[in-house]
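Dear colleague,

I am passing on the structure we spoke about, with the sequence alongside it. Below it you will find my notes on what came out of going through it.

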Amino acid sequence: MEKMPTYEELLSENQSMLAEVQELKQEQSALRHRIMMLERLLFGSRKDRLKPNVTDVQPGLFDGFFKEAMEEKAAEIENTAKTIEKDDRKRRESARKTPSRPARYQYCGLEERERTINPEGIDLSDCVIIGRDVTRTLHYENARVWVDVAIRPIYRKKSDKELPNPRIYQAEATEAVIGGNHVGADMLANIIIDKYRYHLPEYRQVKQYADMGVKLPASTVNDWVHAVAAKLDPVYEAQRQEVLQSGYLQIDEVPWNIIDRPGKQRKGYAWQFYDSRPGSHGLYFLYLNGSRAGTIPRAELRDYKGSIQTDGYGVYDYFEQQENVTLLGCMAHVRRKFVEAQTSHPQLAEKAVHWISLLYTLEANLKAEGAAPGRVEAERKAKALPLMDAMEEWMKPFPRSAPRPTPWAKPSTMPTSCGRVCGVMPTTASTKSTTMP
C-alpha cells in the first residue's frame, strides 16, 4: 500500500508550487511586455507618445507621497513649469502667424541674363523711357557630359634632323585624379555629391549618364567612388582629429545594411562621433567590419578629455570610471522607459513624460528665439536643472516600490545623476544638446 504524504510534505509541496506559479506569472508578464514592444516596433509609431485618456489618480510630483523630498523646491519648480509653458504658447502662436513659405522663390549667386523687349512698330528715337517693368523667370539648362581630348604634339628641332639624338619637346601630361586619367575631378565630384548628398544610387546614375550619351558599367562607377574615398583619406583624418579636439562629443552606433559577401546582406554598425560644441565642426563615422564592440570607442577615445553624451548602451559605462571623461545621459532614452512603463503604471508614466517634455519645450523656445550660448546656459541652470533635480528625487523610491517587469525597476544603464546632463553640459542653442542625433 502506497504511503500517504505527511502534512509537512504537502505544505512544502504547496509552497513550492505557489512559488513556481508566481515565477511563471512574472515570466508571462515579462513576455507580454516584450511582445507589446515588438508589436510597437513592427506596427506602431516610433515616437514616444503616451496612451490617451489616462486619468491621474496616482500621487503627482508634488503630492503627499513625495512631499518630504520636494517641499522646499515645489513652489519654485511649479513656477518654472508655468514660465516654460507660457513661453511655449507664445512661440506656437507666433509660428501660426508666420507663413511657412515665402511668397516668391528666392535665389542667390545665380547668373542673370538680361534682355530688353521693345515694342514693335514704333520709332524709338522719338520716344523717351519713363519707366520699366522687370520680370524674372527661372530657367534650367540640362547637364552635359563632354570629353576633353588633350593632344600633346611631340616636337623636334628642325636643325637636329640629322643628329642621332635630336632634342625632343612635349608638354607634360596632366596629373590624373585617379589611375588611368580617364575621368575628370568635376565628373567624380558630381558622382560623389549625387550619391551621398542626394542619395542617388550608382545604378541610377548610370542610367542618367546613358541618357546623356555615355555608357558606364556600374562596377566602374563603384571603383571610382572607392578611389575617390582613398584620395580623400587625409581629409577624413584631419576632420577626425578636429572633432576629437571638442570638449563635448555625442556618440552613437548607427545601424547599416552591409553587403560584403556575394548575394548576402548583414546588419552592421558604424560609430558616429559628433562635435556638439557651439560652432560645431561636424562629425565623422568610424567603421570597423560593422562591429559594435565596446573596444572601438575605448580605443578611439583613449586620450580624450571632456564630456561625451550617449544612449543607454552598456559599453559606455566604461567611461564613468575614466578620470578625465564626464559621461552624460540622454533624456530621450529616459523618456522611452517611462513610455514603456504605461502597462504597469500609466499615471506615474504620464507624469514623468510630462515633466521631461518641459525640458524639450525649453530647448525649443531657446532655439526659436536664437538664444546666445550664454543665455542658454543661464536658462538651463535656472529652469532645466531644478526640474531634473526634482525628477531625480521623485524617481529614487521607484526601485524599492515598483514590481518587476516595470522598466524603471531594472538596473539603470544611465549615469547616476540626472542633473549632470544640464549641470555639466557645454552650452549651445542647438537642441542636439539634450538629445542624441
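In what order do the five strands of the open sheet lie? Please keep in mind throughout that this is a predicted model. The order is β5-β4-β3-β6-β7, and the pairing in this open sheet is mixed. At the edges stand β5, residues 283-286, and β7, residues 325-328; each has a single partner strand, so one side of each is left without a neighbour in the sheet. On average, and with direction ignored, neighbouring strands of the sheet are turned by 30° against each other.

Within the sheet, strand β3 (residues 248-261) runs parallel to strand β6 (residues 306-309), and three bridges join these two strands. If you want a place to look for this pairing on the screen, Gln 250 stands opposite Gln 309 in β6. Helix α7, which covers residues 233-244, packs on the sheet and touches β3, β4 (264-275) and β5, while the direction of α7 makes about 115° with that of β5.

The next point concerns the backbone. Most residues other than glycine have a negative phi, and against that background two residues may be worth a look. His 199 has a positive phi of about 55° although it is not a glycine, and this histidine lies in the loop that runs between α4 (185-196) and α5 (202-212). Asn 289, also a residue other than glycine, has a positive phi near 60°, and is found in the loop between β5 and α8 (295-300). Are these two residues buried or exposed? With a relative accessibility of 64%, His 199 counts as exposed, because the cut-off for that word is over 50%. Asn 289 likewise counts as exposed, at 64% relative accessibility.

Finally, there is a pair of helices to consider. Helix α10 (residues 346-368) and helix α11 (residues 373-395) pack at an angle of about 175°, and their axes are 10 Å apart. Angles over 145 degrees count as roughly antiparallel, and α10 and α11 are therefore roughly antiparallel to each other. On the α10 side, the residues in contact include Leu 348, Trp 355, Leu 359 and Leu 366, and on the α11 side they include Val 376, Ala 384, Leu 387 and Trp 394. Charged residues take part as well, among them Lys 351 and Glu 363 in α10 and Arg 375 and Glu 379 in α11. Taken together, the residues of this contact divide into 14 nonpolar, no polar and six charged.

How values were computed: Residues numbered from 1 in each chain as written. Predicted model: local features only at pLDDT ≥ 70, side-chain atom pairs only at ≥ 80, totals over all residues. Heavy atoms only, no water. Pairing = 2+ DSSP bridges. Helix = DSSP H or I, 4+ residues; strand = E, 2+ residues; numbered from the N terminus. Axes fitted to C-alpha atoms, helices over the stretch in contact; angles between N-to-C directions. Contact = heavy atoms within 4.5 Å. Buried < 20%, exposed > 50% of the residue type's maximum accessible area, 1.4 Å probe, protein only. Parallel < 35°, antiparallel > 145°, perpendicular 65-115°, else oblique.
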